[in-house]
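Please look through the structure shown here, and then follow some questions about how its descriptions are reached.

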Amino acid sequence: MTETISAPAPASASRVTPRLFYRVLAIAEAVTWTLLIAGMLLKYVAGLGSLPVLIGGSIHGLVFITYALTAVLVGVNQRWRVPTIVLAVASAIVPYATIPFDVAMDRRGALDGEWHREASDDPRDQTWVRRLLRWFLTHPATLITLFVVAVIAIMTALLIVGPPGGWK
């Protein structure tokens, strides 16, 4: 009997890259636009009440917040300029715009590479924001926990304030 030993997968194959993380959230954000629009159609065209909008809107809101935080995290990691990060977040406001933005950034190579866990010779790596990012990237459990807590805190605050147009 011959035993076959396969080489372990490269470490990068099992990790979530900035490109993959960003792309998954960009697509999810676009998909949840569909849920929200479908909920609005069910409410206003089919007359099914506000429950479909509540469900679609809640899911969309949660993914929107997660996408926005992801755009900031990936943007800082990839050394995007602040206007580019703002544009990435703003692309979520327009239905389905996160996908063409993702494609454009990918074509420019702005999503290439790994997470920057170590400083390079690039002067931008010497800022406190980049040092903080590197610390979080070397402590992934802390980063993930803080990310999830931030999403929950923002979502909770927005739920307390109330839905858009609901302040009448």
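Q: Which helices do the buried residues of α2 pack against?
A: The buried residues of α2 pack against α3 (51–77), α4 and α5, where helices are DSSP runs of H or I with at least four residues, numbered from the N terminus. This is a predicted model, in which local features need pLDDT of at least 70 and side-chain atom pairs count only at pLDDT 80 or more, while totals for chains, interfaces and linings use all residues. Residues are numbered from 1 along each chain as its sequence is written, and side-chain values use heavy atoms, with hydrogens and water left out.

Q: Why is Gly39 called buried?
A: Gly39, which is found in helix α2 (residues 18–44), has a relative accessible area of 3%; buried means under 20% (exposed is over 50%, partly exposed in between, with a 1.4 Å probe and protein chains only), so Gly39 is buried.

Q: What does Gly39 touch, not counting residues up to four places away in sequence?
A: Gly39 touches Pro52 and Val53 on that count, a contact being heavy atoms within 4.5 Å.

Q: Why is Ser91 called buried?
A: Ser91, placed in the loop between α4 (82–90) and α5 (98–107), has a relative accessible area of 8%, and is therefore buried.

Q: Which residues does Ser91 touch, not counting residues up to four places away in sequence?
A: With those neighbours left out, Ser91 touches Tyr67, Ala97, Thr98 and Phe101.

How values were computed: Helices (H or I, at least four residues) and strands (E, at least two) are DSSP runs, numbered from the N terminus.
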